[in-house]
Amino acid sequence: MLTCAFAGQKKVLAAYEEAVKCGYSGARAGRLHTPHGVFDTPMFMPVGTQATVKAVSPRELKEMGAQIILSNTYHLYLRPGTELVAEAGGLHRFMDWDGGILTDSGGFQVFSLGPLRKITEEGAAFRSHIDGSTQFLSPEIAIKAQMNLGADIIMAFDECIPYPAEYQYAKLSTERTTRWAERSQKAHTRSGQALFAIVQGGMYQDLRRVSANDLVSLDFPGYGIGGLSVGEPKPVMYEMLEQTVPLLPENKPRYLMGVGTPDCLVEAVRYGIDMFDCVFPTRVARNGTAMTKSGRLVVKNAAYAKDFLPIDENCGCYACQNFSRAYIRHLLKADEIFGLRLTTIHNLYFLLDFTKKMRQAILEDRFLSFREEFLAQYCK
Ligand SMILES: CNc1nc2c(CC[C@H]3O[C@@H](OC)[C@H](O)[C@@H]3O)c3nc(N)[nH]c(=O)c3cc2[nH]1
Ligand SMILES: [Zn+2]
């Protein structure tokens with residue numbers, strides 16, 4: 001069961017939009033209560049799509065302050081199968097992680113990975129990207145798979161509307177996602193596990209409001225905001241947040257799916273988002289790019305061949321406490337796995353620490369100045 005208590009800047013607002021424009025912050029610092037612990041928000045959730053956060057161990061994740069990690073139903077359903085994971089004692093046991101786990105429903109992957117897919121009212125038929133076999137996911141199958149995996153938070157089966165999309169397509173797809181959310185709710189019988197709905201609506205303000213209102217009336221314990229971070233300009237993403245977040249219950253968590261870079265996190269927190277996931281930190285780490293408060297640092301570049309400073313002198317991560325840019329660059333150039341591990345550890349620590357700093361700023365009622373200072377220094 002998820003319960004939330006949110007502290008932070010409380011103001012009675014006549015119009016949320018007006019308030020945001022004049023600098024009001026909807027930022028809040030909350031606590032998520034789950035069967036695997038109580039977790040602080042805002043929070044970044046490292047992505048472990050195939051039951052592992054690539055290149056780092058559960059012990060290292062715990063040391064760097066990870067609270068909830070993600071895994072993905074689409075991938076685990078295809079390999080090794082969710083019944084096998086259930087037989088192994090569930091995902092927490094299988095991957096030796098005793099913190100929180102959130103599983104995505106597979107909606108995104110079916111539409112982004114599965115070639116030859118066909119969407120009907122019933123669900124989505126697609127070909128496995130692993131062996132080309134014909135597969136089918138429906139709300140009922142996706143929920144059953146997630147109950148097998150045993151995550152603390154699971155997601156309703158949805159369609160992530162591609163960008164751009166025609167209004168009529170976005171309208172019909174959003175209405176279907178709401179019907180799928182209802183079917184997901186009916187299929188969800190595992191107590192102690194929270195099912196979040198996912199707001200869609202494409203990049204259309206009115207569809208976003210309809211989707212949010214319809215899903216709120218179905219009374220879920222939390223809400224994902226989907227269909228964003230799919231290639232749209234950042235101002236469009238923020239506009240969709242402005243339309244959606246105020247319609248979601250204040251005392252329930254809001255999870256912006258697939259986001260993102262620190263500039264997006266600080267803006268989304270301002271609109272009232274609590275939870276984030278993104279492959280960005282782990283993905284860019286694997287091609288030798290480190291995240292810093294001034295932007296990206298490509299450690300592989302020749303400029304760092306004799307740079308004996310750490311990636312970031314003020315960073316408390318294992319990589320920055322013990323190794324230089326020159327050493328990490330050498331490992332990356334030599335294709336040594338340890339090099340990727342160090343950049344991954346640094347990037348995950350950076351984002352986890354960034355959300356901790358945002359939480360502290362909110363609790364001390366200085367979030368807006370924190371945001372200004374950060375954005376002034378960070379170059380995209
Ligand atoms: C990157 N941008 C983005 N990611 C998104 C994800 C998670 C991807 C999931 O796939 C993997 O990341 C690529 C991870 O396992 C993650 O949980 C989404 N998931 C669902 N169900 N619905 C969406 O509308 C949706 C939109 C997204 N936009
Ligand atoms: Zn570091």
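Which residues coordinate the zinc ion (ligand 2)? In this predicted model, the donors are Cys-315 (SG), Cys-317 (SG), Cys-320 (SG) and His-346 (ND1), at 2.1 to 2.3 Å. Donors are N, O and S atoms within 2.8 Å of the metal (3.2 Å for Na, K and Ca); water is not among the atoms, so sites may look incomplete.

The site of the zinc ion (ligand 2) is tetrahedral, with angles of 100 to 119° among its four donor atoms; four donors count as tetrahedral if all angles lie between 85 and 135 degrees. The ideal angle for four tetrahedral donors is 109.5 degrees. Along the sequence, the donor residues follow the spacing C-x1-C-x2-C-x25-H. Cys-317 is buried at a relative accessible area of 1%, and Cys-320 is buried at 9% (buried means under 20% relative accessible area, exposed over 50%, partly exposed in between, with a 1.4 Å probe and protein chains only).

Most residues other than glycine have a negative phi, and most peptide bonds are trans.

| Residue or bond | Backbone value |
|---|---|
| Thr-41 to Pro-42 | cis, omega near 5° |
| Arg-79 to Pro-80 | cis, omega about 10° |
| Ala-55 | phi near 80° |
| Asp-96 | phi near 55° |

Pro-42 lies in the loop between β3 (37-41) and β4 (43-45), and Pro-80 in that between α3 (73-78) and α4 (82-87). Helices (H or I, at least four residues) and strands (E, at least two) are DSSP runs, numbered from the N terminus. Ala-55, in the loop between β4 and α2 (58-63), is partly exposed at 33% relative accessible area.

Residues are numbered from 1 along each chain as its sequence is written, with chains lettered from A and ligands numbered from 1 in the order in which they are written. Local features need pLDDT of at least 70, side-chain atom pairs count only at pLDDT 80 or more, and totals for chains, interfaces and linings use all residues, while side-chain values use heavy atoms, with hydrogens and water left out.

Key:
Tetrahedral: all angles 85-135°; square planar, octahedral: opposite > 155°, others 65-115°.
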